[in-house]
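Take a moment to look over the sequence and the model before reading on.

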Amino acid sequence: MRDYMEAALKDLGVAIAFVSAPPEPFVPPEMHFKPISGLIVCWTGSQEEGEKVCAPIREVAQPVMDMVGPIPYAALQSMLDGGGPKGIRGYMKAEFMPELSDDAIAKLNDHGSRRPSLITQLLLEPMGGAMLNVDDDDSAVGRRDVPWCYHALGMWMEPGQEVEDAHRAWAKELQKDLEPHTTTGVYLNFTSDADDDDRVRRTFGPEKYARLQALKDQYDPQNLFRLNQNIKPSAA
């Protein structure tokens with residue numbers, strides 16, 4: 001998928017997911033709850049052309065189950081909702097990756113196969129594509145040139161410090177192991193460490209941060225909306 005996505009059309013997005021097979025009717029019974037790697041395919045062009053684009057992926061992957069087909073966009077956006085039921089606990093890490101080396105792939109595979117719970121997920125998401133149609137200075141979202149982003153979602157339902165510690169340790173170990181393969185900036189809502197002011201500043205860069213802080217000063221000078229990856233008002 002690394003090689004295929006390098007030259008992929010802008011209508012194609014394919015994320016790689018390390019998950020556990022759900023006990024659903026469309027999953028072979030012998031695969032229920034087993035660790036699997038899956039491809040999440042999004043094609044926004046014509047169905048006919050999409051079949052041609054997906055053909056070589058199907059040939060190489062030879063999937064145990066294949067559910068790729070025409071669906072409404074809203075259905076695509078909600079297809080992972082079952083993996084995050086109400087009441088779930090979570091701890092997330094994420095980073096941008098300027099390239100996907102063989103060593104990085106091996107590390108992702110290793111951590112993806114050692115997830116601490118059945119509902120914990122490790123996603124590798126393609127960037128670039130149509131995102132490059134927007135200039136970097138035209139929005140607060142930057143680093144549109146980065147080709148990949150990993151998103152580690154440690155998730156669990158059971159209460160207790162021991163369970164929480166195990167999931168946090170998995171996500172932090174993964175982040176440390178992949179640090180040589182990452183670069184500055186990430187979608188801040190992809191990571192749980194909301195109190196890292198330096199991380200927020202580095203992600204936006206000094207010019208964008210100053211522009212965003214000016215908006216904060218104008219619309220939220222008391223920092224009411226602060227339970228996030230916070231941009232503090234200048235008076236704070």
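What volume does the second largest pocket have? The second largest pocket has a volume of about 1,300 Å³. Keep in mind that this is a predicted model. The lining of this pocket is made of 40 residues. Nearest its centre lie Gly-13, Val-14, Ala-15, Glu-125 and Pro-126. Several elements give two or more residues to the lining of the second largest pocket, namely α1 (2–6), β1 (12–20), β2 (35–43), α3 (73–77), β4 and β5 (148–156). Sorted by class, the lining has 25 nonpolar, nine polar and six charged residues.

Now consider the chain as a whole. It has six helices and five strands. Read from the N terminus on, the elements run α-β-β-α-α-β-α-β-β-α-α. Along its principal axes, the C-alpha trace spans about 60 × 45 × 35 Å. Of the 236 residues, 33% count as buried.

The next topic is charge. Side chains of opposite charge can pair when their charged atoms come close. How many salt bridges does the count give? The count comes to 15 salt bridges.

One of the salt bridges joins Lys-107 and Asp-177, whose closest N and O atoms are 3.8 Å apart. Lys-107 belongs to helix α4 (residues 102–112) and Asp-177 to helix α5 (residues 161–178), so this pair ties together parts that are 70 residues apart in sequence. Is Lys-107 buried or exposed? Lys-107 has a relative accessible area of 16%, and because buried means under 20%, it counts as buried.

Arg-114 is partly exposed, with a relative accessible area of 36%. Glu-173 is partly exposed as well, with a relative accessible area of 40%.

Arg-202 and Asp-198 also meet in a salt bridge, at 2.8 Å from N to O. Why are these two residues separated by about one helical turn? They are four residues apart in helix α6, and therefore about one helical turn lies between them. Arg-202 is partly exposed at 40% relative accessibility, and Asp-198 is partly exposed with a relative accessible area of 46%. Elsewhere, salt bridges that share partners join Arg-2, Asp-3 and Asp-102 into one network.

Next, look at the loop between β4 and β5, where Arg-143 lies. Phi of Arg-143 is near 50°, a positive value in a residue other than glycine. Arg-143 is partly exposed, with a relative accessible area of 25%. Arg-144 is found in the loop between β4 and β5 too. At 13% relative accessibility, Arg-144 counts as buried. The C-alpha atoms of Arg-144 and Lys-93 are separated by 19 Å, and the two residues are 51 residues apart along the chain.

The last stop is the segment after α6 (197–219), which holds Asn-230. With which side chain does the side chain of Asn-230 make a polar contact? The partner is the side chain of Asn-223, at 2.9 Å. The side chain of Asn-230 also reaches the backbone oxygen of Phe-225, at 3.2 Å. Asn-230 counts as buried, at 9% relative accessibility.

Asn-223 lies in the segment after α6 as well. Asn-223 is buried, with a relative accessible area of 12%. Although Asn-223 is not a glycine, it has a positive phi of about 55°. To put the picture of this segment together, Asn-230 is buried, Asn-223 is buried, and their side chains make a polar contact.

Notes
Residues are numbered from 1 along each chain as its sequence is written. This is a predicted model: local features need pLDDT of at least 70, side-chain atom pairs count only at pLDDT 80 or more; totals for chains, interfaces and linings use all residues. Side-chain values use heavy atoms; hydrogens and water are left out. Buried means under 20% relative accessible area, exposed over 50%, partly exposed in between (1.4 Å probe, protein chains only). A polar contact is a pair of N or O atoms within 3.5 Å; within protein, one must be able to donate a hydrogen and the other to accept it, and residues adjacent in sequence count only if both atoms are side-chain atoms. A salt bridge is a side-chain nitrogen of Lys or Arg within 4 Å of a carboxyl oxygen of Asp or Glu. On a 1 Å grid over the protein atoms alone, a cavity is a set of points where a 1.4 Å probe fits but cannot get out, and a pocket is an open set with protein on both sides within 12 Å along at least five of seven lines; lining residues have an atom within 4 Å of a point. Grid points are joined across faces, edges and corners, and a volume is the space filled by probe spheres set on the points. Ala, Val, Leu, Ile, Met, Phe, Trp, Tyr, Cys and Pro count as nonpolar, Asp, Glu, Lys and Arg as charged, and the others, Gly among them, as polar.
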